[in-house]
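Thank you all for coming; I would like to take a few minutes to walk through one model.

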Amino acid sequence: VRVLVLVSGTGSNLQALIDAAKDPAYGVAIVAVGADRHDIEGLERARRHDITTFVCRVSDHPDRAAWDRELARQIGAHHPDLVVSAGFMKILGEQVLAGHTVVNTHPALLPAFPGAHAVADALAYGVRVSGCTAHLVDSGVDTGPILAQRAVPVEDGDTEATLHERIKTVERTMLVDVVGRLARHGHTVTDRKVTFS
Ligand code: GRF
């Protein structure tokens with residue numbers, strides 16, 4: 001299965017997918033990595049593994065709709081079966097979503113703490129357990145059908161950085177597992193419930 005990964009930052013989730021894809025039994029070929037900015041570690045990781053990269057910046061386009069069209073065109077050029085948003089910090093537009101199944105990973109137990117500041121929001125709320133969620137992307141912000149969730153404890157004295165690091169350790173394993181299952185089994189969605197078939 002051809003998988004295209006979108007990143008905005010460090011790309012440790014991307015790295016976990018690259019490592020998993022080295023095993024042919026995993027069933028995934030990472031065909032390209034796209035980003036919304038230059039000079040990020042995620043793009044470097046892709047280049048180190050000879051994976052094609054592209055950058056599509058909102059600021060290079062007259063408006064969000066034009067950016068969405070161009071991103072959809074760039075993604076489509078690689079003919080992916082699955083798009084994985086792995087720390088991609090932009091909300092995807094309708095052109096991208098119309099043409100592709102997109103999986104997102106989020107560092108909280110949705111529907112709690114959606115949005116870009118999930119770890120800080122969970123800490124500020126005072127929850128004792130948070131975690132991560134892999135879900136299909138729809139037009140809302142972190143609202144699509146849930147594929148997998150893992151719980152992670154909040155420890156006394158946690159900062160946003162320490163909690164996010166603990167979550168990301170679990171998140172990488174969860175994402176590798178979910179992408180592998182989607183690749184090998186496919187899926188159906190009925191009333192928001194996802195079945196791997
Ligand atoms: C992940 O926790 C992701 O859920 C969040 O940002 C982090 C990305 O980490 N949105 P990385 O770039 O994969 O290391």
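This is a predicted model: local features need pLDDT of at least 70, side-chain atom pairs count only at pLDDT 80 or more; totals for chains, interfaces and linings use all residues.

Residues are numbered from 1 along each chain as its sequence is written.

Let me begin with the domains. The protein is divided into domain 1 (1-100) and domain 2 (105-197), with bounds that come from an automatic or database domain assignment, and the C-alpha centres of the two lie 19 Å apart. The contact takes 19 residues from domain 1 and 15 residues from domain 2, where two residues are in contact if their C-beta atoms, placed from the backbone, lie within 7 Å. On the side of domain 1 that touches domain 2, helix H1, strand E4 (82-85) and helix H4 (94-99) each supply at least two residues; here helices (H or I, at least four residues) and strands (E, at least two) are DSSP runs, numbered from the N terminus. H1 gives the largest share of that side, 5 residues. By class, that side of domain 1 has 14 nonpolar, 4 polar and 1 charged residues, with Ala, Val, Leu, Ile, Met, Phe, Trp, Tyr, Cys and Pro counted as nonpolar, Asp, Glu, Lys and Arg as charged, and the others, Gly among them, as polar.

The axes of H1 (residues 12-21) and helix H2 (residues 41-48) come within 9 Å and cross at roughly 20 degrees, the axes being lines fitted to C-alpha atoms, for helices over the stretch in contact, with angles that run from 0 to 180 degrees between N-to-C directions. H1 and H2 are therefore roughly parallel to each other, given that angles under 35 degrees count as roughly parallel, over 145 as roughly antiparallel, 65 to 115 as roughly perpendicular and the rest as oblique. In this pair, Leu14, Gln15 and Ile18 in H1 meet Gly42, Arg45 and Ala46 in H2.

H1 and H6, in turn, pack at an angle of about 45 degrees, with their axes 9 Å apart, and they are therefore oblique to each other. The contact is made by Ser12, Asn13, Ala16, Leu17 and Ala20 of H1 and by Lys168, Glu171, Arg172, Leu175, Val176, Val179 and Gly180 of H6; by class, it has 6 nonpolar, 3 polar and 3 charged residues.

H6 also meets helix H5 (residues 118-125), and the axes of H5 and H6 come within 9 Å and cross at roughly 115 degrees. Val119, Ala120 and Leu123 of H5 make this contact with Glu160, Leu163, His164 and Ile167 of H6, and its residues divide into 5 nonpolar, 1 polar and 1 charged.

Finally, the backbone. Most residues other than glycine have a negative phi, and most peptide bonds are trans. With that in mind, please look at His79, which has a positive phi of about 45 degrees although it is not a glycine, and which sits in the loop between helix H3 (64-76) and E4. Then, in the loop between E5 and H5, find Pro111, which a cis peptide bond joins to Leu110, with omega about 10 degrees.
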